[in-house]
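Morning, everyone. Let me put the model up, and then we will walk through it.

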Amino acid sequence: MSLTLGIETSCDETSVAVVEDGRKVLANVIHSQVDLHRDFGGVVPELAARDHLERLPGLLDLALEKASVQPRDLDLVAVTRGPGLVGCLLVGVGVGEGLAAAWDKPLTGVNHLWGHIYAAMLSRPDLEPPLLGLVVSGAHSDLVRMPEQGRFVVLGRTRDDAAGEAFDKAARMLGLGFPGGPALDRLARKGDPDRRPLPRPSLPGLEYSFSGLKTALLYRLRDLGDSVTEQDKADLAAAFERSVVESLLEKLDRALNEQPATEIVVAGGVAANTLLRRRAGEVVGHRARLTMPPLELCTDNAAMIAAAGYYGARHAANVDPSLSW
Ligand code: KG4
Ligand code: ZN
């Protein structure tokens, strides 16, 4: 048995986890900074970094207690090394380095994007590569192939905004505040996407682009002006959501046709979206088995970092997992 301590501080969630053999979550404590950033309408990097530093010691104690684990029982410390907000990453890496040195344990730096894929393996312990993955988060919309543990090949990504970023910006235009994605999701449930349809972005190949869709929403809102009703906003939220989700799934469908796979993973914060969760299964159909992590493992957490660290340290020792895939 091998125990990994995971630390995640790349953006606005502070999280510490203990994972057994890269698959079994013994503890996964998460503190969301949403309340801290709400008044600013977005994440303030400086505040985020300071809060990570203040919260980490308490979360560490809690995670070890929940997992009934002593530091001496640990085999590995895994910490998110990128991509993310630099000041926030530095806090996590600094604490990880300190703990590894104090406890005399090996330390491994983890690519946050790998973490999102490994979240799926926590929810399905029998899941093994090769697989096709779609990681949709606040900063990425990446289609990847994972031929084996600890190895990823990028097939397509976004040319401009990431899916989560697009949701957040659309939510702001609709006056929904922060965090935008979940609020837009809730509003879209009350709307009809056909009443005020928006274009579906379409680029050749496996690339994404959401900036045109964002502009289309801006123009619709401008045309409606002061006469915009709550129902109009709900309809536009539903239309925007449908365009993003259809675009994401169109490319997943294309990738699956071009590079058949038996396992598909859709993960990252946007994988919490209600419509995406519903439609992804329909698009994949019987061609492959689809795994979407449960909601608490879709958004940022340290359990996925511990899992990715466990496999990364074993299988990808020579890979520099710092920034992109
Ligand atoms: O993976 P994540 O927690 O953090 C990053 O690594 O970026 O993803 C956060 C993103 C945010 O843009 C957020 O608005 C979006 O995921 N998100 C959603 C939903 N829940 C979170 N977007 C649409 N619908 C949701 N239910
Ligand atoms: Zn993330």
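In which loop does Asp 21 lie? Asp 21 lies in the loop between β2 (13-20) and β3 (24-32). Helices (H or I, at least four residues) and strands (E, at least two) here are DSSP runs, numbered from the N terminus. Phi of Asp 21 is near 50°, a positive value in a residue other than glycine. Most residues other than glycine have a negative phi, and most peptide bonds are trans.

Ground rules, quickly. This is a predicted model: local features need pLDDT of at least 70, side-chain atom pairs count only at pLDDT 80 or more, and totals for chains, interfaces and linings use all residues. Residues are numbered from 1 along each chain as its sequence is written, chains are lettered from A and ligands numbered from 1 in the order in which they are written, and side-chain values use heavy atoms, with hydrogens and water left out.

Now the cis bonds. Pro 129 to Pro 130 is cis, with omega near 10°. Pro 130 lies in the loop between α4 and β6 (131-136). Phe 178 and Pro 179 are also joined by a cis peptide bond, with omega about 0°. Pro 179 is in the loop between α5 and α6.

Next, the zinc ion, ligand 2. Its coordinating atoms come from His 112 (NE2), His 116 (NE2) and Asp 300 (OD), at 2.0 to 2.1 Å. Donors are N, O and S atoms within 2.8 Å of the metal (3.2 Å for Na, K and Ca); water is not among the atoms, so sites may look incomplete. Along the chain, the spacing is H-x3-H-x183-D. His 112 lies in helix α4 and Asp 300 in the loop between α10 (295-298) and α11 (302-315), so the pair ties together parts 188 residues apart in sequence.

On to ligand 1. The shell has 17 residues, and among those coming nearest are His 116, Gly 138 and Asp 168. Near means a heavy atom within 4 Å. Helices α4 (112-123), α5 (163-173) and α6 (180-188) each supply at least two shell residues.

Which side chain has an N or O atom 3.0 Å from an oxygen atom of ligand 1? His 116 does. Asp 300 also has a side-chain N or O atom 3.0 Å from a ligand 1 oxygen. A polar backbone atom of Gly 181 is 3.1 Å from an oxygen of ligand 1.

Key: A polar contact is a pair of N or O atoms within 3.5 Å; within protein, one must be able to donate a hydrogen and the other to accept it, and residues adjacent in sequence count only if both atoms are side-chain atoms.
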